[in-house]
Amino acid sequence: MTDTVKSAPASRRQREKPKKSERARAETRLGWILAGPAFVIMLAVTAYPIGQAVFDSLYSFRLTAPDDRSFVFLDNYILLFTDWGFWRPFLVTVLITVVTVAVELVLGFALALVMHRALKSLRGLLRTAILVPYGIITVVSAFAWYYMFDINSGFVNNWFSWLPGISDELDWFSNFGTAVTVIMASEIWKTTPFIALLLLAGLAQVPDELVEAAKVDGATRWQQFYRVTVPNMKAAIMVAVLFRALDAFRIFDNVFIMTGGEANTEVLALLAYRQSISRLEIGLGSAVSVVLFACVLLICFVAIKLFKVDLASGTDAGGGKAKKGGKG
Amino acid sequence: MSVTTKTRLGWAIAAVLVLGYSLFPVVAIFANSFKTPGDLGNQRFWPTSWTLANYEMIFVGQAQELFLTALRNSIGITLIATFIAVVLATLCAYAIARLDFPGKRLVLGAALAVSIFPVISVVTPLFNVWRQIGLYDTWLGLIIPYLSLTLPISIWTLSAFFRQIPWDLELAAQVDGATQWQAFRKAIVPLAAPGVFTTAIIAFFIAWNDFVYGISLTSTEAARPVPAALAFFTGASQFEQPTGAISAAAIVVTIPVVVLVLLFQRQIVSGLTQGAVKG
């Protein structure tokens, strides 16, 4: 792969040499003609609305009384940060993010190892099976898990009534601990395959000789895994964790379907939705949206600065390095 | 000998566990969709008597209008959003993979930033603007924001695919006497098509999955997609839960996913992993 990538710019460079500036200008123009529309649309549907949200969040503004719009500067944020009604969803969101990502990493590794080491004849079957949760609609997953645990129609209470704490009368969605457990179960089930596939790709990059060498040196299986395999696929692990953490922080569908925020399970995205779409409190809703966005940026920043996650490694590094090679 | 049999058995058990993990919730809701109202309250896994009543209800019965219009909306909006995203992303990724122009990293960076964007953060302003300019509760009003979901991953995946294409083939074909268009069509298109196709499947999954835009930017059956419509299902009477109808509808919208996965698992896996980890 690297060979072909490297040779393409190199050969073009040779062709371009005589009248470089004109060609370069034409190439720039063509590049922007081709990439421009996608670029503009992406900015239009994200950068513009988030700018608008920042603007709106500085106003007291209800859609039901559009004439009462007034500039309140940071009042909406002060209201949020001094209200348990904000901090509780915030903490619930953090809890869900931390727990689901941790469980998914372990479970994802297990799935990836099974797929990596499974007999050739089984690989296709396993990959097909694992893609079903990945492709399924989150709302469908939410309903599937909801009905499994539902006090009326669910079989879980019936099947597991021998476990302490579980009985026919247990309403999973009426208190926080059990409700959030089912919500996280659905989230984990649906999104672990994504982590597993990324880890599988990472596993494939670990040279077999390294593991073999460790084996020859007398390392146990666990040592081979923990000391050789994991360090050699650190980049893949970090990318998978970061992507999932960012995704988990935006959790909405599962909570909306299963509890609608009841039993104290409200999360930040649901709070934003309820404020702006249900209550038409655009000012306050926008403030929640902006805070949520800031949190996602912060997670990203911490990951990139502290843990040195190279998010662009998959898309850009290959080409970027090849380009540099071509130029230099 | 016995060691290999043991290992084989071990992997077989692991495989069964993976299968169970992946399919159990789907089978559970599948079983629900064939239950009678009585069975839906008996806390068993399988129906005691299988019935198609729930499917009748969503296709020809009283939930027909709610479900079928939503299904039409979902299919139409998702396919259009996927098509536009793939076309634009193909042009964009071609430029990124083949041309050297300033701003290339900017485009890739923007795709990355948009892909981590919390949808809920842009929904409030969009809700507000869409109401003012008449895009609220329309197909176009969903297609445009869906592009923010489908474009970034399409650009990523396709850039990764295109980087692996030996573009020199085009030149070689030209040297052999093909015109530029012939060279592109005969040498490059067959190599690029699988990547474009894979990207389309992944973009379809993502648009098909949307719930936040669907529930926030629609208010009637004019544009409401299935995931959002499921939240509006009601039972046959006030005292009846719509469990059966929702389960049946859930199975119907899962069929395209399962079919695509069965036919193209290899491509989907390579597309997903190439987009995120260098493959």
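Figure 1. Of the 172 residues in the largest nonpolar core, the ones that touch the most other members are Phe143(A), Ala269(A), Ala89(B), Cys92(B) and Ala249(B). Helix α3(B) supplies the largest share of this core, with 16 residues. Please keep in mind, here and in every view below, that this is a predicted model.

**Figure 2. Where chain A meets chain B.** How many residues does the contact take from each chain? There are 97 residues from chain A and 96 residues from chain B. On the side of chain A that touches chain B, helix α2 (residues 20–56) of chain A gives the most, with 20 residues. Sorted by class, that side of chain A has 62 nonpolar residues, 27 polar residues and eight charged residues.

**Figure 3. Chain B, an arrangement of helices.** Chain B has eleven helices and zero strands. If you follow the chain from the N terminus on, the elements read α-α-α-α-α-α-α-α-α-α-α. The C-alpha trace of chain B spans about 75 × 75 × 35 Å along its principal axes. Chain B contains 279 residues, and 52% of them count as buried. Among the contacts in chain B between residues at least 6 apart in sequence, 73% join residues at least 24 apart.

**Figure 4. Helices α3 and α8 of chain B packed against each other.** Two packed helices are described by the angle between their axes and the distance between the axes. Here, helix α3 (residues 64–98) of chain B and helix α8 (residues 180–209) of chain B pack at an angle of about 140°, and their axes are 9 Å apart. Angles over 145 degrees would count as roughly antiparallel, so α3(B) and α8(B) are oblique to each other. The crossing in which α3(B) passes α8(B) is right-handed. On the α3(B) side, the contact is made by Ser74(B), Thr78(B), Ala81(B), Thr82(B), Ala85(B), Val86(B), Ala89(B) and Thr90(B). On the α8(B) side, look for Val196(B), Thr199(B), Ala200(B), Ala203(B), Phe204(B), Ala207(B) and Trp208(B). The residues of this contact divide into ten nonpolar, five polar and no charged. You have already met Ala89(B) as one of the core residues that touch the most other members.

**Figure 5. Surroundings of Ser216(B).** Ser216(B) lies in helix α9 (residues 212–216) of chain B. Is Ser216(B) buried or exposed? A residue needs 20 or more other C-beta atoms within 10 Å to be buried; Ser216(B) has 24 C-beta neighbours inside 10 Å and therefore counts as buried. Not counting residues up to four places away in sequence, Ser216(B) touches Tyr273(A) and Ile277(A) of chain A, together with Val123(B) and Phe127(B) of chain B. Phe127(B) and Ser216(B) are 89 residues apart along the chain, and their C-alpha atoms are separated by 7.0 Å.

**Figure 6. Helices α9 and α10 of chain A.** Chain A has 15 helices and two strands, and buried residues make up 44% of its 328 residues. In this view, helix α9 (residues 208–216) of chain A packs with helix α10 (residues 221–232) of chain A at an angle of about 155°, with their axes 10 Å apart. Angles over 145 degrees count as roughly antiparallel, so that is how α9(A) and α10(A) are described. Their crossing is right-handed. The contact is made by Leu210(A), Val211(A), Ala214(A) and Lys215(A) of α9(A), and by Gln223(A), Gln224(A), Arg227(A), Val228(A), Thr229(A) and Asn232(A) of α10(A). By class, these residues are four nonpolar, four polar and two charged.

Figure 7. Phe73(A) has a positive phi of about 55° although it is not a glycine. You will find Phe73(A) in the loop between β2 (65–71) and α3 (75–81) of chain A. With 10 other C-beta atoms within 10 Å, Phe73(A) is exposed. Asn264(A), also not a glycine, has a positive phi of about 60°. Asn264(A) lies in the loop between α12 (253–258) and α13 (268–278) of chain A. Asn264(A) has 14 other C-beta atoms within 10 Å and is partly exposed.

Technical notes
Residues are numbered from 1 along each chain as its sequence is written. Chains are lettered from A and ligands numbered from 1 in the order in which they are written. This is a predicted model: local features need pLDDT of at least 70, side-chain atom pairs count only at pLDDT 80 or more; totals for chains, interfaces and linings use all residues. Two residues are in contact if their C-beta atoms, placed from the backbone, lie within 7 Å. Helices (H or I, at least four residues) and strands (E, at least two) are DSSP runs, numbered from the N terminus. Ala, Val, Leu, Ile, Met, Phe, Trp, Tyr, Cys and Pro count as nonpolar, Asp, Glu, Lys and Arg as charged, and the others, Gly among them, as polar. Axes are lines fitted to C-alpha atoms, for helices over the stretch in contact, and angles run from 0 to 180 degrees between N-to-C directions. Angles under 35 degrees count as roughly parallel, over 145 as roughly antiparallel, 65 to 115 as roughly perpendicular and the rest as oblique. A crossing is left-handed if the near helix is turned anticlockwise from the far one by less than a right angle, and right-handed if clockwise. A residue is buried if 20 or more other C-beta atoms lie within 10 Å of its own, exposed if 12 or fewer, and partly exposed in between; C-beta atoms are placed from the backbone. A nonpolar core is a set of buried Ala, Val, Leu, Ile, Met, Phe, Trp, Tyr and Cys residues joined through C-beta atoms within 7 Å.
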